[in-house]
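Biologist: I would like to learn how to read a structure like this one. Could you show me?

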Amino acid sequence: MTIEITSAQARRIALAAQGFGRPASAEPGTRQVNDLVRRLGVVQIDSVNVVSRTHYLPLFSRLGAYDRGLLERAAWGPGKRSLFEYWGHEASFLPVESQPLLRWRMARAQGGELWTGLARFGRERRDYIDGVLTEIERRGSVTGADFAAGPRGKPGWWEWSDGKRALEWLFWSGFITTRTRRGFERVYDLTERVLPAAVADAPTPDDAEAQRGLILIAARAMGIATAADLRDYFRLSLEDSRARLAELVEARALTPVTVRGWSKPAYLHPEARRPRRVEASALLSPFDNLIWFRDRTERLFGVRVRLEIYTPAHKRERGYYVLPFLQDEAITACVDLKADRQKRALLVQAAWSEPEADGDTPIRLATELRRMAPWLNLDTVTVVGRGDLAPALETALNAGPPI
């Protein structure tokens, strides 16, 4: 008999699995940072810094005002690290112990399963790529600037040099990884010189075992999910994810369930918590794990979240860098934010209400913005733009004490 779950229960399960509704630590430390990244399984990296680079934001949404240096040291610091960079969801931080689960993807990249331009480059310039790898073995850590000479690619390749293409091919294929970053530029080195020895020397699971492992990480991180949700989390192919999901259900590692209002079957992780309520206040990066798959976001919260960074300014509906606001179990608002670092101000360029907004929404959103500003080393929060929620938010901000 199939288990039936209400949409409200599914929403609470999803929020709890993502780390919301848990008691906050007064001073989140290394353990809390590592535990959260392991819970999420993957944290997307993005270079846009209009508020904060996105990889810092999911931890702030769940932990509060943590020291961003903790994440940087976990990923790029000297000594034994707990995170590494690879193509997980997109470019991502992942726990180092997940690296063997992604070696099948690296092997396929070596075999040419990459986006078209880089795959062709790998086939046509393999001797050159091998020469770059030999130079890294000899020299040690390198950046794209160390191999900047050579013809440039088309604009869609960000005008990469041949050297940069070689480095990215080697990165995709697992030969090299990120040792650290300077500014936001990757510094590459041989994977075995970067990862802890226990990880680098760990046996490589076969493709099916690794993919099952990734789906289980995704299922634990989401609590309850459709097949499409699970496939998207680590960007698996339809063929691979369909086969692995069937195997996991047969092994009773995942439980098929029906969610009222969902058009597709769902799967429940055996460790998923089922809280009676979730209390949370959080501004969500547009690349946050909770909302990055827009179909799932609409299914869970009944709101339409769209990334408009690449939309021409005159066509944007909500703004450039819009963060939805999670108020307990609902997304009740969204704000287009910008950190004006010269004036040390967090600017609210637009504020919009969502259907489940209530009378507390402006006050709770103002509280969260006032909590975010000092974490970003900013002194004030100022409403400077449009939106139906902007007047009430401005009133709530003005009514509070100085930051």
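Predicted model: local features only at pLDDT ≥ 70, side-chain atom pairs only at ≥ 80, totals over all residues.

Biologist: Which residues touch the most other members of the largest nonpolar core?

Modeller: In soluble globular proteins, nonpolar side chains tend to be buried together. A nonpolar core is a set of buried Ala, Val, Leu, Ile, Met, Phe, Trp, Tyr and Cys residues joined through side-chain atoms within 4.5 Å. Buried means under 20% relative accessible area, exposed over 50%, and partly exposed in between (1.4 Å probe, protein chains only). Here the largest core has 100 residues, and L230, M372 and L393 touch the most other members. Helix α11 (residues 207-222) gives the largest share, seven residues; helices (H or I, at least four residues) and strands (E, at least two) are DSSP runs, numbered from the N terminus.

Biologist: Where do the buried residues of α13 lie around its axis?

Modeller: An α-helix has 3.6 residues a turn, so residues three or four places apart point the same way. In α13 (residues 238-250), the buried residues are D240, S241, R244, L245 and L248. They fall within an arc of 120° seen down the axis, so they line one face of the helix; the arc is that of the directions from the helix axis to the C-beta atoms. The face turned away carries the exposed residues E239, R242 and E250. The buried residues pack against α5, α11, α12 and β9, where contact means heavy atoms within 4.5 Å.

Biologist: And which residues of α16 are buried?

Modeller: In α16 (residues 390-399), the buried ones are A390, L393, A396 and L397. They cover an arc of only 125° around the axis, which puts them on the same side of α16. On the other side, P391, T395, N398 and A399 are exposed.

Biologist: Is Q327 buried or exposed?

Modeller: Q327, in strand β11 (residues 322-327), counts as buried because its relative accessibility is 5%. For its partners, look for polar contacts: pairs of N or O atoms within 3.5 Å; within protein, one must be able to donate a hydrogen and the other to accept it, and residues adjacent in sequence count only if both atoms are side-chain atoms. The side chain of Q327 has such a contact of 2.9 Å with that of T332, and one of 3.1 Å with that of D358.

Conventions:
Residues numbered from 1 in each chain as written. Heavy atoms only, no water. Expected span 1.5 Å × (residues − 1).
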